[in-house]
Amino acid sequence: MSQLRIRGGSRLQGEADIQGAKNSILPILAATLLTADQVELRGCPRLRDVDASIHILRDLGCRARWEGENTLLVDTRALDGCAVSERLMREMRSSAIFLGAILARCGQAELSYPGGCELGPRPIDLHLSGLRDLGAEIDDAGGVLHCKAPRLKGREIVLSLPSVGATENLMLAACGASGVTTITGAAQEPEIVDLQNFLSACGARVSGAGSSTVSVEGGRPLHGCTYTVMPDRIAAATYLCAAASAGGEIFLRGAREEHLSTVTAVLREAGCSILSDAAGIACASRDRLSAVRPVRTAPYPGFPTDAQAILMAALLKSRGATVFEENMFSSRYRHVDELSRMGADIRVSGRAAVVTGTERLHGAPVRCTDLRGGAALCVAALAAEGETTVREIGHIDRGYEDIARDLRRLGADIVRL
Ligand code: EPZ
């Protein structure tokens with residue numbers, strides 16, 4: 001199992017390009033099932049989760065192939081199945097996102113329950129109740145979902161909490177439903193706007209993404225398109241926190257501050273100077289960071305749960321103490337024990353974690369517990385004296401195309417062993 005070796009203590013300096021967004025390309029890959037024409041996806045990041053999605057598409061009889069570094073051609077014309085094997089469902093937890101698109105295309109679907117993951121249980125009850133609202137019959141006996149939807153019919157669906165995956169799944173199913181579907185209480189993440197833009201490029205009538213009410217006028221035949229995926233705001237947040245943590249001056253080409261303004265606001269409060277324009281985001285961090293007001297994770301436009309571990313890592317040597325409150329997942333502090341091995345002072349109690357800044361951190365052998373927790377270890381290691389080895393980096397490869405390449409471009413002493 002490969003690992004990363006990081007020698008901390010040096011300031012960052014440099015420019016890096018921001019990869020396409022993992023949490024946008026995954027629902028878009030499911031959405032390609034809604035048209036039998038070829039789709040060309042540009043800016044597609046090379047991630048393990050993208051590979052898993054390609055495996056699912058191929059398993060369904062579709063063709064998907066890379067053209068150049070980051071362009072993916074998908075052709076679902078030859079689709080000949082509607083079942084996703086348990087092995088593939090386990091490969092990627094968010095594969096539940098395929099359910100709505102398969103139902104819209106095939107009128108039936110069979111998927112096993114997606115496994116839980118490192119963040120705690122990942123229920124899909126909102127996905128299933130919404131699909132039932134549209135007329136799907138879903139029998140979830142024995143861990144396998146047998147779904148029949150000979151005729152999906154649009155109507156109003158109310159989400160009791162703004163689930164990103166449920167919003168996306170229902171948008172895709174609604175494209176295959178007759179009439180208008182309105183999703184009230186929808187998630188408002190930028191990735192949902194990206195999905196709407198992709199669907200519109202295929203000829204769908206979708207509106208309201210980015211607000212709490214999304215409308216879809218279904219039953220329209222969709223055509224192929226060429227689409228460029230939005231930049232990954234959490235990858236951008238990761239590298240901003242790396243510069244904040246280690247000190248230095250970096251530029252992230254392609255990053256869009258309007259997608260991560262809660263993160264840049266906290267970094268400015270901590271003492272970073274951040275400037276952004278259409279080309280990207282510049283971040284400079286010269287002095288020791290200050291602790292910040294409590295950080296509470298919330299659905300967009302609140303502070304993103306995916307940036308919680310990463311920001312925590314950036315504040316480990318700050319002056320003062322910062323309170324974190326993780327409200328989205330029940331088990332998203334698993335990186336804390338690993339950060340403590342580097343000398344961090346973090347106290348966890350239920351949903352709260354208090355980070356008290358220390359003067360120094362020291363390198364240590366650490367282990368990734370999950371995707372963003374693993375990225376947080378890299379951010380902390382850049383500010384630690386000495387050498388850190390990060391093991392089980394397969395977690396990181398799920399969401400970062402090449403974190404070592406990007407951090408090296410920003411001046412970090414990091415190699416993949
Ligand atoms: C998406 O997961 C992201 N994944 C996650 O990013 C992100 O952390 C999360 O949204 C929140 O922003 C992708 O987009 C592929 P949710 P998702 O449904 O859709 C509960 C990363 O690091 N819930 O908004 O699964 C759920 O348990 C990953 O890139 C239900 O109760 O998140 C959670 O507590 C990690 N019932 C909360 O809602 C449901 O039917 C938010 O989940 C669905 C969700």
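Let's start with a word you'll meet a lot: a residue is buried when its relative accessible area is under 20%, exposed when over 50%, and partly exposed in between, using a 1.4 Å probe and protein chains only. By that rule D397, at 16% relative accessibility, counts as buried. What you're looking at is a predicted model, in which local features need pLDDT of at least 70, side-chain atom pairs count only at pLDDT 80 or more, and totals for chains, interfaces and linings use all residues. Residues are numbered from 1 along each chain as its sequence is written, and side-chain values use heavy atoms, with hydrogens and water left out.

Helices (H or I, at least four residues) and strands (E, at least two) are DSSP runs, numbered from the N terminus. Contact, or touching, means heavy atoms within 4.5 Å.

**The cores**

- A nonpolar core here is a set of buried Ala, Val, Leu, Ile, Met, Phe, Trp, Tyr and Cys residues joined through side-chain atoms within 4.5 Å.
- The largest one has 75 residues, and L41, F198 and L199 are the members that touch the most others.
- Helix α6 (residues 164-175) is the top contributor to this core, with 7 residues.
- Apart from that core there's another one, of 74 residues, including I250, I274, A375 and I403.
- Setting aside neighbours within four places in sequence, L41 has contacts that include I25, I28, L29, F198 and Y227.

**Helices α4 and α6**

- Axes are lines fitted to C-alpha atoms, for helices over the stretch in contact, and angles run from 0 to 180 degrees between N-to-C directions.
- Helix α4 (residues 98-106) packs with α6 at an angle of about 5°, and the axes are 7 Å apart.
- Angles under 35 degrees count as roughly parallel, over 145 as roughly antiparallel, 65 to 115 as roughly perpendicular, and the rest as oblique.
- That's why α4 and α6 are described as roughly parallel to each other.
- On the α4 side, F98, L99, G100, A101 and A104 meet N169, L172 and A173 of α6.
- Sorted by class, this contact has 6 nonpolar, 2 polar and no charged residues.
- For those classes, Ala, Val, Leu, Ile, Met, Phe, Trp, Tyr, Cys and Pro count as nonpolar, Asp, Glu, Lys and Arg as charged, and the others, Gly among them, as polar.
- The buried residues of α4 are F98, L99, G100, A101, I102 and L103.
- Just past the end of α4, G107 has a positive phi of about 80°.

- Two strands pair if DSSP finds at least two bridges between them.
- Strands β1 (residues 4-8) and β23 (residues 386-391) run antiparallel and are joined by 5 bridges, with L4 standing opposite V390 in β23.

- Strands β2 and β15 (residues 248-253) run parallel, with 6 bridges between them, and D17 has R253 as its bridge partner in β15.

**Strand β19**

- Strand β18 (residues 295-296) pairs with β19 in the parallel sense over 2 bridges, and F324 is the bridge partner of V295.

**Two residues to look up**

- A177 is in the loop between α6 and β11 (180-184), and at 0% relative accessibility it counts as buried.
- Not counting residues up to four places away in sequence, A177 touches L152, K153, G154, G218 and G219.
- D397 lies in helix α13 (residues 394-397), and D397 touches L47, R48 and R416, again leaving out residues up to four places away in sequence.
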